[in-house]
Amino acid sequence: MDFDLLRFAAGYPYNLDFDYGALSQLQHFSINNLGDPFIESNYGVHSRQFEVGVLDWFARLWEIERDEYWGYITNCGTEGNLHGILMGREVFPDGILYASRESHYSVFKAARMYRMECVKVDCLTSGEIDCSDLKKQLLANKDKPAILNVNIGTTVKGAVDDLDLVIKTLEENGFPQDRFYIHCDGALFGLMMPFVKRAPKVSFKKPIGSVSVSGHKFVGCPMPCGVQLTRMSHIKVLSSNVEYLASRDATIMGSRNGHAPIFLWYTLNKKGYKGFQKEVQKCLRNAHYLKDKLRDAGISAMLNELSSTVVFERPHDEEFVRRWQLACQGNIAHVVVMPNVTIEKLDGFLEELAEKRKLWYKGSGGDGVAPSPPCVAVDIGSENCDCGLHK
Ligand SMILES: *Cc1c(COP(=O)(O)O)cnc(C)c1O
């Protein structure tokens, strides 16, 4: 493994700013949280107390009482989506899944795995779900219940779907609360949003069915993991008892990583609300810095108001993309500003990008033969596009 890469990684939303030295002894143990976190199983070496501690922390954050929620530590954000969408399908076996086009691919994977009818809903330029298209699609399928995936931070643009508007759209178009199920995919931003001023709130006081978040993204866990929370009333629909485990089977996976809950618990308690708030503010500040500097340099760029994901024109050179580990889609690339992405690192990135662009686009605009910066108006709006046509 090339540890040097860690100095550069900017494109994927992993908080690499961690120190878990205190937990190094744990590697000597095989820890397995097989089965339901709330029921003792016969396998002895587990970390259920930590798992439940972490779940309680998130239950407080997302406002649901201890005896009203159920949840578990998953192996990743994808598993949370698989669980949340399965829950929706079990509650409404004939329901249709609605998800915006910019939803994570795991949502469409779930639809395929469960053979669910899936309707892709259009997005606004920001990447948010377009509720006028949602309305149209709902009205065309009025006879079937609706299962919705709502994005709390899309993967590419960091767009936050307007949960309140989604609920309003459902209720105004013939879908009262007993005819819809909402899963919130908060993989990326689920733990950042609560600490952003003016951000809409994810809360079980609203009619949502489940929320998931990745533990290795903003939280900064050194191994992939995630948190999935749902309502106790829903889980009863899904679970069956397994004699072999002396436990209840309500998870997607069987064996589960028992180290992850301890690392999560350690981080949550070490950082606390205050710590996360500070980190979120730093990320948003640095993201604005990056976006402003890109625009100052005449480079197309967009930053959603509630996000730390800066979207910009795809660099011309794949070597540059690899070196900075940028994630690209079509003509756009992004940098996800995590706590480990400092101003110094951004300055280095900006400087190198500006220099390289001079080479890539040398003589462009003159003879019409040299390459010119791509037009990204359809991706991020003409007001954010700095191509020859739109600047
Ligand atoms: C990363 C991501 C996922 C998947 O999470 P993994 O932990 O990589 O499985 C799901 N949804 C969104 C919006 C994401 O950004």
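Okay, let's start on the outside of helix H9: the face turned away from its buried side carries the exposed residues Glu344, Glu351, Glu355, Lys358 and Leu359. Helices here are DSSP runs of H or I, at least four residues, strands are E runs of at least two, and both are numbered from the N terminus. For burial, we count other C-beta atoms within 10 Å of a residue's own, with C-beta atoms placed from the backbone: 20 or more is buried, 12 or fewer is exposed, and in between is partly exposed.

Before I go on, this is a predicted model, so local features need pLDDT of at least 70 and side-chain atom pairs count only at pLDDT 80 or more, while totals for chains, interfaces and linings use all residues. Residue numbers run from 1 along each chain as its sequence is written.

Back to H9. Its buried residues are Leu346, Phe349 and Arg357. They cover an arc of only 65° around the axis, which puts them on the same side of H9; that arc is taken over the directions from the helix axis to the C-beta atoms. What do they pack against? Helix H7, residues 259–296, where contact is C-beta atoms, placed from the backbone, within 7 Å.

Now the ligand. It is surrounded by 16 residues, and the closest are Cys76, Gly77, Thr78, His104 and Ala187. The cut-off is a C-beta atom, placed from the backbone, within 6 Å of the molecule. Helix H2, residues 77–91, gives the most to that shell, with 3 residues. By class, the shell has 4 nonpolar, 11 polar and 1 charged residues. Ala, Val, Leu, Ile, Met, Phe, Trp, Tyr, Cys and Pro are nonpolar, Asp, Glu, Lys and Arg are charged, and the others, Gly among them, are polar.

Next, Lys217. An unreviewed UniProt entry annotates Lys217 as "modified residue: N6-(pyridoxal phosphate)lysine". UniProt positions are in the numbering used here, feature names are shortened, and annotations may be inferred rather than shown by experiment. Lys217 lies in the loop between strand E6 (210–214) and strand E7 (226–231). Buried or exposed? Buried, because it has 26 C-beta neighbours inside 10 Å.

Last, two strand residues. Tyrosine 69 is in strand E1, residues 69–74, and is buried, with 23 other C-beta atoms within 10 Å. Leaving out residues up to four places away in sequence, tyrosine 69 touches Ala59, Ile64, Leu229, Thr230, Arg231 and Met232. Cysteine 118, in strand E3 (residues 118–121), is partly exposed, with 19 such atoms within 10 Å.

Technical notes: Contact = placed C-beta atoms within 7 Å.
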